[in-house]
Amino acid sequence: MIYIVKPPTHPIRATINLPASKSISNRVLIIRALSGCNFQIKNLSDCDDTNVMLSGLELPDIIDVGAAGTTMRFMTAYLSQLEGQIHTITGSERMKQRPIKVLVDALRTLGADIEYLGEIGCPPLRIHGKKLACTDVLDMDGSVSSQYISAILMIGPMLSTGLKLRLDGEVASRPYIEMTLALMRHFGADAEWRDNVSFIEVKPSPYHYELDEFVVESDWSAAAFWFEIIALRGIRNKDLIKLPGLTVESLQGDSVGMFLFDRLGCAFNGANNSIKAEHNFYSSKSQNIDFAKCPDLAQAMVVASCLGDFPFLYTGLESLHIKETDRIEALKAELMKLGYVLRGGDDGEGDLMWQRGSCRKQKSPVIETYKDHRMAMAFAPACIKLGEIRIADPGVVSKSYPHFWDDLKMAGFTIEEVEES
């Protein structure tokens, strides 16, 4: 199936109820399971990744996480400390290629019994739950996925010795680790990240929560695609998009998207648990941004920068190579269809550059999404500059933002469904 997406013909005046943060949802689900408390989670994400997490926490013998990398990593650590239980955790063919060795090695250091059932270093895994302990300082590479680190941290309070974790090298996606620690403390854990030292200590004090409910924030990562729309529409359209459920004081590191899209002309006003976005003016014509702390914003920024004629050098994108697809190669391939030639990102590197290099555009190109939700959502706004855009396999958005296409329609976009030829 292909969607043909066309832009609004009138100013956008819309209130968009974004999906709940799956990053927060999945962390709170793991913490609730570890705590044994039965508090209600309100505004829980309804995306595929969170639904897979809910299914996994029912603890069937075989847990298939599909393409949900967060669930794979968090559940691997969670299952490792379930004494006496044996589970197999697997996923999609792409998941079976995604590395998990750093996490498995760390868990084995704590005493975990984990067996690779396929390629060494990748899922599927068979996990024999055991009582784990941290007898010495645990060293982990801080430059790899923050999800490995968050997975280890969340089981820290359950270890009889607590956890002493030292992160080696430059820490990637630090805001996600800070989010994990903030949520752990909210639910009663004693966890400290010492200032100016890559050392985190978690005391052996179980989670506890005395309230009846917890409310999940809306998703700042999903907001980026609406900021992209504002940036590409320009000031002449006088658009205004309201995004309730977002706060400037968010736990989410991707709230930095406000400051990144400000460079592309977006203006923001935050009040009463809501963000308003409209176009202001272009403050810069050249972009040099390090995405190491917010890699999930990169696809929206790259597409908006090319289509908006903003040359850029974007760095810190190494983790994009091991996402749902190799996002750097996917961006290069699909933007070339639109006439944009991107450089960099070869051999696992994290730099991506566009300096107005161009090539012949394809006539009526179809954007492949590579089973990656963010590819679909990042390229849909390209219709604003192109008149229309064709998106293949549009259903992939269900991984994080199931009602994305409905929200676009509500904002005035036209979407036609056609069969692939």
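Leu59 is placed in the loop between H2 and E4, where helices (H or I, at least four residues) and strands (E, at least two) are DSSP runs numbered from the N terminus. Leu59 has a positive phi of about 60° although it is not a glycine. The structure is a predicted model, in which local features need pLDDT of at least 70 and side-chain atom pairs count only at pLDDT 80 or more, while totals for chains, interfaces and linings use all residues. Residues are numbered from 1 along each chain as its sequence is written, and side-chain values use heavy atoms, with hydrogens and water left out.

**Loops and backbone geometry**

- Leu59 counts as partly exposed because its relative accessibility is 22%; buried means under 20% relative accessible area, exposed means over 50%, and partly exposed lies in between (1.4 Å probe, protein chains only).
- Pro60 also has its place in the loop between helix H2 (48-56) and strand E4 (62-64), and Pro60 is partly exposed, with a relative accessible area of 34%.
- Between Pro60 and Val171 there are 111 residues of separation in sequence and 34 Å in space, C-alpha to C-alpha.
- Lys371 has a phi near 60°, a positive value in a residue other than glycine.
- The loop between strand E20 (366-367) and helix H11 (373-379) holds Lys371, which is exposed, with a relative accessible area of 68%.
- The peptide bond from Pro123 to Pro124 is cis, with omega near 5°.
- Pro124 is found in the loop between strand E6 (113-116) and strand E7 (125-128).

**Buried elements**

- Helix H9 (residues 298-307) is mostly covered, as ten of its ten residues are buried.
- Among the buried residues of H9 are Gln299, Met301, Ser305 and Cys306.
- Just after H9, Asp309 takes a positive phi of about 65°.
- Ile89 lies in strand E5 (residues 86-90) and is buried, with a relative accessible area of 0%.
- Although Ile89 and Arg126 are 37 residues apart along the chain, their C-alpha atoms are separated by 6.5 Å.

**Salt bridges**

- The structure holds 22 salt bridges, a salt bridge being a side-chain nitrogen of Lys or Arg within 4 Å of a carboxyl oxygen of Asp or Glu.
- Side chains of opposite charge can pair when their charged atoms come close.
- Lys42 forms a salt bridge with Glu213, and the closest N and O atoms are 3.2 Å apart.
- This pair links distant parts of the chain, with Lys42 in strand E3 (residues 40-42) and Glu213 in strand E12 (residues 213-215), 171 residues apart.
- Lys42 counts as partly exposed at 36% relative accessibility, and Glu213 is partly exposed with a relative accessible area of 33%.
- Lys96 forms a salt bridge with Glu93, the closest N and O atoms being 3.4 Å apart; Lys96 counts as partly exposed at 28% relative accessibility, whereas Glu93 is exposed at 56%.
- Asp239 and Arg233 meet through their side chains in a salt bridge (2.8 Å, N to O).
- Asp239 is buried, with a relative accessible area of 4%, and Arg233 counts as buried at 3% relative accessibility.
- A network of salt bridges links Lys22, Asp49, Asp296, Lys323, Glu324, Arg327, Asp372, Arg374 and Lys399.

**Surface charge**

- Glu170, Asp290, Glu318, Asp347, Glu349 and Asp351 gather in a patch of negative charge on the surface.
- Such patches are made of residues with over 30% relative accessible area and no salt bridge, with like charges joined within 9 Å and nonpolar side chains (Val, Leu, Ile, Met, Phe, Trp, Tyr) joined within 5 Å.
- Asp347 lies in the loop between strand E18 (343-344) and strand E19 (352-354), and Asp347 counts as exposed because its relative accessibility is 82%.

**Cysteines**

- The structure holds zero disulfides, a disulfide being a pair of cysteine sulfur atoms within 2.5 Å.
- Cys266 is in no disulfide, and the nearest cysteine sulfur, that of Cys294, is 15 Å away; Cys266 is buried, with a relative accessible area of 1%.
- Cys359 is likewise in no disulfide, the nearest cysteine sulfur being that of Cys306, 11 Å away; Cys359 counts as partly exposed at 29% relative accessibility.

Notes:
Accessible areas come from the Shrake-Rupley method with a 1.4 Å probe; for residues, only the protein chains shown count as cover. Lys and Arg count as positive and Asp and Glu as negative; His and the chain ends are not counted. The place of a charge is taken as NZ of Lys, CZ of Arg, CG of Asp or CD of Glu.
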